[in-house]
Amino acid sequence: MADGWRAPPPCLKLEGAMPGNDVCADIRHGSFSGKFGNGSAAFPFPLITVKADTCYRVRWVMAGSNTENFQITVAGHNMTLVSVDGGYDVRPVQVRRINLHLGERVDVILCTDQEPGNYLIHAQYDYACALTAGHFIPPGFSAVPTCDFHAYLHYDTEPDLVPRDLSGSGGGRHPRAVVGSDFDLTRPEGWAVTEPRVPEPEPAEPDVRYTINLGLLGPTYSRATDRPLVKGRWYMDLDGQDPPRSWELPTTPLYHSKGRCGVGDIPLINVPEEVTTVEVVVQNLSPTAHTLHMHGMPFKVINVANYTSWCGLEHPTCFVLPWWGGSLLDKCPRPRRKPGDPNDKNIELGGYWGCTYDAATDARTQNLKAPLIKDSFQLWQRSWAVIRFEATRPGFWYFHCHETQHLMLGLQTVFNVLPSKQPPVPADVPTSGSHFCPTVDEGPWGS
């Protein structure tokens, strides 16, 4: 699943929304295995061809760039969830819908046990439905043509006539109702739908605990002629760092230089070598959700905020609330409201803030017995989550937002794990950038 396509060509201007500098629509086309279709002669609906009376293991992959998620259903066919993020097996559970976020992968068992036909596959970018025609479109934003995208599960015995509308054909014209759970990790209850096939309990206390804030730094864009990528920078930095640091690309890869050369003052977390269990409280100090991915190390999500009850899609006013007021903020006491930029708290009319984690009241909802194992997850707007990972894999491990515009604007950090055990860099492995810095620990060619 993706929001990228070759034809018609994409629009990539995604930052600095303001009158006179309208950004691209949040989404224009959703694609299935690289194909976009709307039922027209030019763009027929994509077909996922299957044989009857066969059970398939289907891996759904969200490989988008700006689109945060797709809510996915398959008409007439129940799905059994068996694995997440490419290999972390879970207790099998029947699901009727999957909320797939950027970078996430979900494996399901789908059996083609229905009357042959064409069965509608529906992918909805539900966050963007409020930006379709007929809704209020904020200044500087563009309306999205649609938030709904479709393909067909095509039984190979059905004639190859591709449906031109959404009614299906054969058995797909009258599909049976699907049953099961909604696997939706945007909502706190989604984390209880299943658990690891082999649970791995967590200790009561980690060896080390970090709090990382995600926020926006001022000044933001004020003129349509402002240079791209220099204002409204995002950051992903340790709580208490003042000013917070946006990511800047080192001139030489960190693994080559060990951070000793060609690197500015960036968020780089050096994990003590004697540490095994690392806990990270991630706080989203902004009105937008972020989809986070960690390289190299799976993590366990042991706790998430229950803020969708007052700051979910059903409560759009939460998106524009300033940090100092609003009746909804009774759900977040003033001491817990934290603006994203500590030195410019009122940027964008005070709308960039989050409701922070409080261990005294929030730790009671943590799951240490059987937390899901992931390498990607969504952090809801103004929200927090608590993850844990084992610092047993030597390397510089990247932790970042998967939305392209946030990534390019600095929403990134790195964990430096077990530097004394990091293997030498073979001499034939190239660096990048200006090649200015020498390799600190270089091994022989071919090593």
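Is proline 159 buried, partly exposed or exposed? Proline 159 is exposed, at a relative accessible area of 54% (buried means under 20%, exposed over 50%, and partly exposed in between, with a 1.4 Å probe and protein chains only).

## About the model

This is a predicted model, in which local features need pLDDT of at least 70 and side-chain atom pairs count only at pLDDT 80 or more, while totals for chains, interfaces and linings use all residues. Residues are numbered from 1 along each chain as its sequence is written, and side-chain values use heavy atoms, with hydrogens and water left out.

## Around proline 159

Proline 159 sits in the loop between strand 8 (148-155) and strand 9 (169-170). Helices (H or I, at least four residues) and strands (E, at least two) are DSSP runs, numbered from the N terminus. The C-alpha atom of proline 159 is 9.3 Å from that of asparagine 118, 41 residues away along the chain.

## Disulfides

The structure has 5 disulfides, a disulfide being a pair of cysteine sulfur atoms within 2.5 Å. One of them joins cysteine 261 and cysteine 437, with sulfur atoms 2.1 Å apart. Its S-S torsion is about -80°, so this disulfide is left-handed. The two cysteines are 176 residues apart and link distant parts of the chain: cysteine 261 is in the loop between helix 1 (254-257) and strand 13 (268-270), and cysteine 437 in the loop between strand 24 (425-426) and strand 25 (442-443). Cysteine 437 is buried, with a relative accessible area of 6%.

Cysteine 332 and cysteine 355 form another disulfide, with sulfur atoms 2.1 Å apart. Here the S-S torsion is about 110°, so the disulfide is right-handed. Cysteine 332 lies in the loop between helix 2 (308-311) and strand 17 (337-339) and cysteine 355 in strand 18 (residues 353-355), so the pair ties together parts 23 residues apart in sequence.

What about cysteine 401 and the closest cysteine sulfur? That sulfur belongs to cysteine 311 and is 17 Å away, too far for a bond. Cysteine 401 is buried, at 0% relative accessible area. Cysteine 311 is instead in a disulfide with cysteine 318, their sulfur atoms 1.8 Å apart.

## Salt bridges

Side chains of opposite charge can pair when their charged atoms come close. There are 25 salt bridges in the model, where a salt bridge is a side-chain nitrogen of Lys or Arg within 4 Å of a carboxyl oxygen of Asp or Glu. Lysine 300 forms one with glutamate 200, the closest N and O atoms being 3.3 Å apart. This pair links distant parts of the chain, 100 residues apart, with lysine 300 in strand 16 (residues 299-304) and glutamate 200 in the loop between strand 10 and strand 11.

Lysine 300 also forms a salt bridge with glutamate 202, with the closest N and O atoms 2.9 Å apart. Lysine 300 is buried at 9% relative accessibility, glutamate 202 is buried at 9%, and glutamate 200 is partly exposed at 40%. Salt bridges that share partners join Glu200, Glu202, Glu205, Arg209, Glu279, Lys300 and Arg388 into one network.
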